[in-house]
Structure formats: C-alpha cells, structure tokens
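Student: I would like to go through this structure with you, starting with its charged side chains. Could you take me through it step by step?

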Amino acid sequence: MNRLTGAVPAEQYLADTNVLFYLSDAVTQLLEHKVEYTQFGVIRFFAEYFSSVKNSNHVLFREFSYITATPHNRASFVRVFWRCYRQIGKSGELLSALEYRSLLQLLCPDFPVEVVQNAARIVVMGDALDCLMSFSDFLCAFQLQFFYQEFLDALLQIYQDLLAGKSPNTVIVPTSASVEQLLSAAADDTEREKQQTDGGVDACTLAQCVDALCDRIKHSHPSRSCMREILQQSPRICYHSFLMSLAKDESINQSIGALPCKAELLIDPEMDQELDKLIAQISVSPGSNSSGSAVGALKEVQRKASPRRNIHHRRKMEVESDGSTEETDSSEN
C-alpha cells in the first residue's frame, strides 16, 4: 500500500515505521554530543542519521536495547553481521557458540550470550557451547532466533506446557522474568526428546496453540502458512526440529528481508570490492607491517559505513581496549 495515496492514516504510518522512535533517538544523540555534531550543522546531522537508518548502518556499535527496538533494527543487525563476517563462511571455518558471540560483541558490546546459545541449540539440538557450526547454519538460526525472539520465548512455554500434559487453554505468554527458567527447561527437554522414541508433542495440538499465539502476541512472528505447513508434515514434532525447519525455510528469510537466498548467502560483490581495495592498500603500503595497514584500512571502511555516533563509540572502545587513539596511531607511523 502506497503511503502517498492517503489510504493509510498518519498515526498508523508513524506506528508502522517507528519514525517517532528514530526521531527521538536522533534528538537524544544530538543533545548528548552537540559539541561534536553542531559544528557540522544540525540539518546535515539529521540527514546523515536518517540516511544511515535507511541504509541499515545505524545499528553498528549500538547497545542491545537499541538494535532490538524495532523490526528494522533487528533486520539491519542481521544484515550487518552477515556482511561483516561472510568471509568466515567462504573460508569454510567452523566456530563455536562462544566464538560467534565474540564476533557479535564486536558489533554490539553488550550482546547477551543467551541469544547466541538459543540460536546454536537450533543447529545442534543440545549443549551448544562447545559444538562447532558453519557460518551459514548459524546465520540462518541466529536470524530466526534474533528477529522472532519474543515469539519463540512464548512458543517455548507453550511447548513445555504441552509436554507436561497441560491443557492448551491454560497456556500463557511468558514474562521476561520467566524466560531464564524456560531456557534451562529447554536443555532438559532436549535430553528428554532423545530418550523418547516418537519425541515431541502432537503436531496438530501445537498448530492450534501457535495459531492462537499469533492472534494475541504483539511482536513479529513467522508466517502462519509456513508454520502450518511444517507442522502438517508429521504427527509429532520436537521444539528444536520445528525451529530448524523454520530457520531453513526460504519464505521466512524473504519475509525478514535481511539476507539473500541461501544460494547467494556467501556472495556480496560490493563487499568483495571493498576487500580488494583493502588488500591493494596493504600490498602497496611502504614501510609498515601488514597488520597495522589492515587495521587502518578496516577503520576507514567502518568510518564510511557508520554514522558519526557509531564512530564516537568505536573510538571510545579503542581507547578502553588498548589505551591508544587513532591520532596516536598516526603519530607513531
């Protein structure tokens, strides 16, 4: 529906696009760092801020509460994660959940380990901390877990209640305080599933509960038709196998809109060009070691890709991590 036709009320458009959220955040940043920003002009600041939101670069180095605040932020962060670490997939390297968490914390310093563990359990269906996973498998599971986190938390409680023999009518959406208990219960459930010959719960009953959950939950959820199709494939289903099917479903990937299709997941011509430029700069840089040149070139790419707020955070993190600044680095060279 085209917003210019007047068919969508102004209030609904503002709510659907979260314009007021971004405007509030932009004003907050401007006030917190007005000395840095006002010298470039307020108009230019707002133009660059909303340009970064449009281009999905605004989530770099931001806090977890910000990157999860809107569906666009979540999709943007998934895309940034893919673009930054796609080379890991191309190299075929396998990493553990804790290693993936370390990579995520380079983009979001306070990224919680629980989200990474839940995504890893979708891939390996067990104690995921030490298991090695390919980048493609983890990325698909991470996208599902991160984008639909609240829905999956509620679905987990539904599954646990059905496994315990409770009536579907008593199933409720969990509060934030109950999520921690659900995570430990999920690990126990995995062991229980391994011991059962049929495994899981009745797929038809779970489908009815999922449909009711979609009616009442306020957060984003996967396509109903996609979930129904998966649940109709067998009479019984386990929680993690259901999530694995969702993670691999191409329609889910398309509805989120952050990643290309699986066949093109490791292809990014634009980023390949940037990497070629970095390699060229490293190879022709006289009188400097390759690691120093690489760090400087990577900083330049991040400077181009992120708004000034993110640059501020990046500099702050550099000072805290190694006690130096970019100016000090340049003077030493």
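Tutor: Let us begin with D211, which is partly exposed, its relative accessible area being 26%. Please keep in mind that the model is a predicted one.

Student: Which side chain does D211 meet in a salt bridge?

Tutor: D211 meets R224, with a distance of 2.8 Å from N to O. R224 is also classed as partly exposed, at 26% relative accessibility.

Student: Where do D211 and R224 lie?

Tutor: D211 belongs to helix α12 (residues 203-216) and R224 to helix α13 (residues 224-231). The pair therefore ties together parts that are 13 residues apart in sequence.

Student: How many salt bridges are found in the whole structure?

Tutor: The search gives 7. One of the salt bridges links R62 with D25, and their closest N and O atoms are 3.0 Å apart.

Student: Is R62 buried or exposed? And what about D25, buried or exposed?

Tutor: R62 counts as buried because its relative accessibility is 2%, and the cut-off for buried is under 20%. D25 is buried too, with a relative accessible area of 11%.

Student: Which residue forms a salt bridge with E48?

Tutor: The partner of E48 is R44, and the closest N and O atoms are 3.0 Å apart. Both residues lie in helix α4, 4 residues apart, which is about one turn of the helix. E48 is partly exposed at 30% relative accessibility, and R44 is partly exposed at 43%.

Student: Changing topic, which residues of helix α7 are buried?

Tutor: In helix α7 (residues 97-107), the buried residues are A97, Y100, L103, L104 and L107. They lie on the same side of α7, because they cover an arc of only 120 degrees around the axis.

Student: What covers the buried residues of α7?

Tutor: The cover includes α6 (71-91), α8 (113-124) and α9 (135-147).

Methods. Residues are numbered from 1 along each chain as its sequence is written. This is a predicted model: local features need pLDDT of at least 70, side-chain atom pairs count only at pLDDT 80 or more; totals for chains, interfaces and linings use all residues. Side-chain values use heavy atoms; hydrogens and water are left out. A salt bridge is a side-chain nitrogen of Lys or Arg within 4 Å of a carboxyl oxygen of Asp or Glu. Buried means under 20% relative accessible area, exposed over 50%, partly exposed in between (1.4 Å probe, protein chains only). Helices (H or I, at least four residues) and strands (E, at least two) are DSSP runs, numbered from the N terminus. The arc is that of the directions from the helix axis to the C-beta atoms. Contact means heavy atoms within 4.5 Å.
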